[in-house]
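Trainee: Could you walk me through this one? I would like to start with a single residue and then look at how the chains meet.

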Amino acid sequence: MTTITVTVNGKSYTRDVEPRTLLVHFLRENLSLTGTHVGCDTSQCGACVVHMDGVSVKSCTTLAVQADGASVTTIEGLANGTELHALQEGFWEKHGLQCGYCTPGMIMSAADLLKNNPNPTDDEIRHGLEGNLCRCTGYENIVRAVRYAAEKMNTVNAD
Amino acid sequence: MIPSAFEYATPATLNEAMAMLAADEDAKLLAGGHSLLPTMKLRLAAPTKLIDLRKIGELRGVSASGGGARIGAMTTYAEATASAALKGYAALIDATSIIGDTQVRNRGTIGGAMAHGDPAADLPAVMLALGATVNVIGSAGSRAIAIDDFFVGMLTTALEEGEIITSIDLPALAAGTSTAYVKFANPASGYAMVGVAASVTMSGGKVSACRIGLTGAGPSATRLEGVEQALTGSDGSEASIASAVANAGDGLDILGDIHAGEDYRRAMVSVYAKRAIVAAIARA
Ligand SMILES: Cc1cc2nc3c(=O)[nH]c(=O)nc-3n(C[C@H](O)[C@H](O)[C@H](O)COP(=O)(O)OP(=O)(O)OC[C@H]3O[C@@H](n4cnc5c(N)ncnc54)[C@H](O)[C@@H]3O)c2cc1C
Ligand code: FES
Ligand code: FES
């Protein structure tokens with residue numbers, strides 16, 4: 001067992017973990033934060049994307065021990081109280097989800113994209129979401145949802 | 001899928017890391033983990049110990065050095081893409097901005113990619129074209145490995161047991177040199193089925209020197225020396241490029257699979273060699 005301290009959604013947790021524990025399992029099973037999903041065994045689907053020290057990572061391909069000392073944000077940490085994040089609102093408004101399995105990862109990847117590029121073109125949105133697979137939507141509405149969020153965030157920032 | 005059990009350590013210095021490596025022959029170094037952890041999850045690898053390099057400060061960062069650049073082994077693709085010191089190496093940025101996906105680029109490291117020697121990885125072609133040097137340290141001391149000697153075979157490099165890559169040096173580009181990398185990506189994995197990097201130096205309207213690196217097509221990355229010879233001395237026109245690449249794949253060891261058979265892949269070597277050279281010259 002290795003003792004790690006990880007700040008998740010602003011709260012610090014100290015836990016003993018086996019080194020082989022994946023970050024996604026630490027979040028889901030030790031911290032009961034089940035918003036982050038596991039969709040594959042090959043690091044390709046992006047259902048598990050969270051932010052670690054400000055950049056998006058696949059938590060199925062990161063060990064919990066690698067997050068020792070880091071600050072992690074999951075989908076649960078995105079909303080501001082009861083006020084949805086612009087991306088969450090965008091996915092709702094633009095029907096960016098069907099079954100919703102890919103959605104937490106899509107939103108976390110999109111949040112990383114918008115942080116670096118607040119005004120992406122549709123091509124840039126698709127490139128930014130390359131690591132996220134969706135089996136339902138055909139991606140069109142996901143791109144619309146991200147565009148909606150970008151527009152909303154830019155208007156709010158302009159105010 | 002969960003890896004089999006292992007110990008985990010975060011040495012603070014290279015000396016500590018080397019001692020740990022020497023003490024346990026089944027220990028492995030951990031960089032970004034984006035080649036190693038997927039294989040461990042599938043239980044294709046089961047190291048007894050992971051020696052995480054993330055706390056060793058000297059492996060990080062990119063610096064300008066002697067007109068060229070030194071890339072710390074633990075530099076991620078995303079950091080390389082954003083680095084001012086690497087801006088001039090367009091072929092490198094072509095690769096580091098399209099490898100895998102955003103999350104792979106946020107974690108995967110330049111040193112890890114080189115050490116892994118994956119036959120379908122992008123960087124090997126780029127490093128061959130740029131004429132890089134791989135700096136390593138081991139119990140016998142430090143040494144610099146010329147890139148032409150580095151890729152030995154399928155997942156095999158010139159790294160000796162117990163050696164750690166500390167940095168990669170890129171030489172200064174000669175005046176009139178421009179570079180590019182293009183790839184034919186596997187539609188499922190994104191890895192290169194054929195990837196070609198070209199570095200072309202023009203002087204007085206002629207190609208005075210060039211280096212062309214190929215990855216993805218065969219068991220390990222290699223230079224396309226026949227193409228280099230045919231292109232050198234030509235005027236760099238579309239017609240001269242077409243003639244230089246015409247037989248680019250001949251005589252190469254090519255691997256076919258369900259995504260692209262051997263003959264097709266061999267044909268694509270010419271196609272992508274041409275595209276890379278055209279793209280490089282267009283940037284001159
Ligand atoms: C979904 C996905 C898509 C990908 N797509 C691509 C792609 O399109 N193109 C591409 O090129 N790659 C791709 N990759 C691979 C990615 O680039 C890897 O991150 C990279 O090849 C290895 O770097 P790493 O830092 O993750 O190394 P790790 O996985 O940590 O290590 C790889 C190997 O190198 C050794 N090692 C690491 N650092 C050192 C060092 N400093 N000295 C000596 N040995 C060391 C380790 O012991 C291990 O054996 C993809 C990976 C994933 C998961
Ligand atoms: S669970 Fe599929 S990429 Fe992490
Ligand atoms: S909404 Fe079902 S996988 Fe994307």
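Mentor: Let us begin with a term: a helix here is a DSSP run of at least four residues, and helices are numbered from the N terminus. Please also keep in mind that this is a predicted model.

Trainee: Okay, is Asp94(B) buried or exposed, and why do you call it that?

Mentor: Asp94(B) has a relative accessible area of 17%, and because buried means under 20%, it counts as buried.

Trainee: What is Asp94(B) in contact with, leaving aside its neighbours within four places in sequence?

Mentor: Once those neighbours are set aside, Asp94(B) is in contact with Ala180(B), Tyr181(B) and Arg283(B).

Trainee: Now the interface: how many residues of chain B are in contact with chain A?

Mentor: There are 31 residues of chain B in contact with 28 residues of chain A. The two chains bury about 2300 Å² between them, and 54% of that is on carbon and sulfur atoms. On the chain B side, Lys41(B), Gln103(B) and Arg107(B) supply 25% of the area buried against chain A, which is more than any other three residues supply.

Trainee: Which side chains meet in a salt bridge there?

Mentor: The rule finds one salt bridge across the interface of chain B and chain A, and in it the side chains of Asp101(B) and Lys58(A) meet at 2.6 Å, N to O. The count of residue pairs in polar contact between these chains, with both residues at pLDDT 80 or more, is 11.

Trainee: And which elements of chain B supply residues to the side that touches chain A?

Mentor: Helix H2 (36-41), strand S3 (49-52) and helix H5 (102-107) of chain B each supply at least two residues to that side, and H5(B) gives the most, with five residues. Taken by type, the residues on that side of chain B divide into 14 nonpolar, 10 polar and seven charged.

Trainee: Where does Arg43(B) lie?

Mentor: Arg43(B) lies in the loop between H2 and S3 of chain B, and it is partly exposed, with a relative accessible area of 49%. Leaving aside neighbours within four places in sequence, Arg43(B) is in contact with Arg20(A), Ile2(B), Pro3(B) and Ser4(B). Its side chain reaches the backbone oxygen of Ile2(B) at 2.9 Å, while Arg43(B) and Pro3(B) are 40 residues apart in sequence and 6.1 Å apart in space, C-alpha to C-alpha.

Trainee: Switching to chain A, what should helix H3 span?

Mentor: Helix H3 of chain A (residues 103-116) has 14 residues, which at 1.5 Å a residue should span 20 Å, and its end C-alpha atoms are 20 Å apart, so the two values agree. This helix is also mostly covered, since 12 of its 14 residues are buried, among them Met106(A), Ile107(A) and Leu113(A).

Conventions:
Residues are numbered from 1 along each chain as its sequence is written. Chains are lettered from A and ligands numbered from 1 in the order in which they are written. This is a predicted model: local features need pLDDT of at least 70, side-chain atom pairs count only at pLDDT 80 or more; totals for chains, interfaces and linings use all residues. Side-chain values use heavy atoms; hydrogens and water are left out. Buried means under 20% relative accessible area, exposed over 50%, partly exposed in between (1.4 Å probe, protein chains only). Contact means heavy atoms within 4.5 Å. The expected span of a helix is 1.5 Å times one less than its number of residues. Buried area is the accessible area (1.4 Å probe) that two parts lose on being put together, summed over both. A salt bridge is a side-chain nitrogen of Lys or Arg within 4 Å of a carboxyl oxygen of Asp or Glu. A polar contact is a pair of N or O atoms within 3.5 Å; within protein, one must be able to donate a hydrogen and the other to accept it, and residues adjacent in sequence count only if both atoms are side-chain atoms. Ala, Val, Leu, Ile, Met, Phe, Trp, Tyr, Cys and Pro count as nonpolar, Asp, Glu, Lys and Arg as charged, and the others, Gly among them, as polar.
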